[in-house]
Amino acid sequence: FGHVLGAFAPFAQHLPAYNVLRTFGKGDSAVLMFFVISGFVLFFSLERYRRGEHPILRFLIARVFRIYPASIATILLIVVITAVTGRSLFGNAVIDPLVVLKNLLLLDTSMNGVMWTLQVELLAAPVIVAAYLAYRRVGVIALWALLAAFTALSFVGSFNRLIGTPTLGLHAFMLGMIVAVAGERWFAGLSRVRATAAFIAAMVMVFACFPLLGWTSHWGTPGATACAG
């Protein structure tokens, strides 16, 4: 929705409800929620692999085969479309083999910019493993410490764009892991009505954080992450 709104921005900006549309088309918030969900799900993946042999290796191999086939298929499809039509989806109709190779390996996302989130997912995999091992050794306090550290580092521009992506979002992965560990204990006592109300309120606030705190304010990032959690 955010990308569609951006594509029609010259027209959409004149709509009376533009700020409402802009609020719920805030892709940054949705991406942060995606990273929180990843941390949540991947924690349980590590718990499952822990019961077998070579759990960390199996987890990392699974991440590679989860991410790369889809990204490779996407890039090859773009190459085919460019070759057949002579028109480019990424601004340059000349197919450069080196650029294609870098995009296939997710070292570059110039052929499909939105794949930057896959770059972050790859980077986050060993970080999640290290966080999980710390959790197994000292408990959930390790995850809280990492959440605090990565949240603070997210305000540092050079760290936040370490691999050239719009955000690393490592704090979001950490929060997802914390919710996996402790979330059931936090919310198990809620009635269905209260749980539904809390869910709706949190969902609204995920997208309301940026318009409330400022469209370009980085404070909206930890706010939206917390509500996503």
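Author: A salt bridge is a side-chain nitrogen of Lys or Arg within 4 Å of a carboxyl oxygen of Asp or Glu. Keep that in mind for what follows. The model shown is predicted.

Reader: How many salt bridges does a search of the whole structure find?

Author: Side chains of opposite charge can pair when their charged atoms come close. Searching the whole structure gives a total of 4.

Reader: Which residues are linked in a network of salt bridges?

Author: Start with Glu47 and Arg50, whose side chains meet in a salt bridge at 3.4 Å, N to O. Glu47 also meets Arg136 in a salt bridge, with 3.4 Å from N to O. The network is made of Glu47, Arg50 and Arg136.

Reader: How many residues apart are Glu47 and Arg136?

Author: Their side chains meet in a salt bridge. The two sit in distant parts of the chain, with Glu47 in helix H4 (residues 27-49) and Arg136 in helix H7 (residues 116-138). The separation is 89 residues.

Reader: Is Glu47 buried or exposed?

Author: Buried means under 20% relative accessible area. Glu47 has 18% relative accessibility. Therefore Glu47 counts as buried.

Reader: How far apart in sequence are Arg63 and Glu121?

Author: Arg63 lies in helix H5 (residues 55-85) and Glu121 in helix H7, so the pair ties together parts of the chain. Those parts are separated in sequence by 58 residues.

Reader: Are Arg63 and Glu121 buried or exposed?

Author: The cut-off for buried is under 20% relative accessible area. Arg63 has 12%, and Glu121 has 3%. So Arg63 and Glu121 both count as buried.

Reader: Let's turn to the loops. Where is His54?

Author: His54 has a positive phi, near 50°, and is a residue other than glycine. At 55% relative accessibility, His54 counts as exposed. Its place is in the loop between H4 and H5.

Reader: Is Leu106 buried or exposed?

Author: Leu106 is not a glycine, although its phi is positive, about 60°. Leu106 is in the loop between helix H6 (97-104) and H7. Its relative accessible area is 5%, so Leu106 is buried.

Reader: Which helices each supply at least two residues of the nonpolar patch?

Author: The patch is on the surface and is formed by Val138, Ile141, Trp144, Trp186, Phe187 and Leu190. Together they have about 600 Å² of accessible area. Trp186 has its place in H10. The helices asked for are H8 (140-153) and H10 (170-187).

Reader: What is the relative accessible area of Trp186?

Author: Trp186 is one of the residues of the nonpolar patch. Patch residues need over 30% relative accessible area. Trp186 is partly exposed, and its value is 39%.

Reader: At what angle do H10 and H12 pack?

Author: Two packed helices are described by the angle between their axes and the distance between the axes. For H10 and helix H12 (residues 220-228), the axes are 10 Å apart and the angle is about 20°. That angle makes H10 roughly parallel to H12, because angles under 35 degrees count that way. The value asked for is about 20°.

Definitions and conventions. Residues are numbered from 1 along each chain as its sequence is written. This is a predicted model: local features need pLDDT of at least 70, side-chain atom pairs count only at pLDDT 80 or more; totals for chains, interfaces and linings use all residues. Side-chain values use heavy atoms; hydrogens and water are left out. Patches are made of residues with over 30% relative accessible area and no salt bridge: like charges are joined within 9 Å, nonpolar side chains (Val, Leu, Ile, Met, Phe, Trp, Tyr) within 5 Å. Accessible areas come from the Shrake-Rupley method with a 1.4 Å probe; for residues, only the protein chains shown count as cover. Helices (H or I, at least four residues) and strands (E, at least two) are DSSP runs, numbered from the N terminus. Buried means under 20% relative accessible area, exposed over 50%, partly exposed in between (1.4 Å probe, protein chains only). Axes are lines fitted to C-alpha atoms, for helices over the stretch in contact, and angles run from 0 to 180 degrees between N-to-C directions. Angles under 35 degrees count as roughly parallel, over 145 as roughly antiparallel, 65 to 115 as roughly perpendicular and the rest as oblique.
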